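Me: I have a structure open here and have not looked at it before. Can you walk me through it?
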Amino acid sequence: MEKVETGRTRKKRNTRQKAVVYQVVLDSNDHPTAEKVYERARRELPNISLGTVYRVLKELSQEGKIKEIIVNKQSHFEGRTDFHHHFICRACGKIEDVETPLCRYTCKKVEQKGYVVEDIEYKFYGLCSKCAQKLGKE
Ligand SMILES: [Zn+2]
Ligand SMILES: [Zn+2]
């Protein structure tokens, strides 16, 4: 009896944790790392552990609900799963969404060689407009 209760409680808690982590990622448009997601999820669930956040983020990415992007060997997460690219500022580290039709043409070129393309992601590295302005003034 007690065992059943424990299992049920754990399951309930897991579902709640997953829902909160998912909501945090959906509400964040700055492509947060797992640590950032953890900080934000703790406002809602003070007892959640970083390990749980890692596990839930992995699950959500595998389910295709969120997207994982790796920048400088670090994982970042976002709730946007549609086709888009990223600009990464080397000065402030900000990751911004980039919309460009350029890839459709490149994709066709690749597919002509017989490849089946399932996903494409471009990463542009440089200075964001704010940092470019700041550096330009110096
Ligand atoms: Zn910047
Ligand atoms: Zn994005």
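Reply: Helices (H or I, at least four residues) and strands (E, at least two) are DSSP runs, numbered from the N terminus. The protein has 5 helices and 5 strands. This is a predicted model, where local features need pLDDT of at least 70 and side-chain atom pairs count only at pLDDT 80 or more, while totals for chains, interfaces and linings use all residues. Residues are numbered from 1 along each chain as its sequence is written.

Me: In what order do the elements run from the N terminus on?
Reply: The order is α-α-α-β-β-β-β-α-β-α.

Me: Why is the protein more spread out than a compact globule?
Reply: Its radius of gyration (over C-alpha atoms) is 19 Å, well over the 14 Å from the globule rule for 138 residues, so the protein is more spread out than a compact globule. That rule is 2.2 Å times the number of residues to the power 0.38, and the radius is taken over C-alpha atoms.

Me: And what box do the C-alpha atoms fill?
Reply: Along the principal axes, roughly 65 × 50 × 20 Å.

Me: How is the protein divided into domains?
Reply: Into domain 1 (1-81) and domain 2 (83-138), with bounds from an automatic or database domain assignment. Their C-alpha centres lie 26 Å apart. The contact takes 5 residues from domain 1 and 5 residues from domain 2; two residues are in contact if their C-beta atoms, placed from the backbone, lie within 7 Å.

Me: What share of contacts join residues at least 24 apart?
Reply: 48%, among contacts between residues at least 6 apart in sequence.

Terms used:
Chains are lettered from A and ligands numbered from 1 in the order in which they are written.
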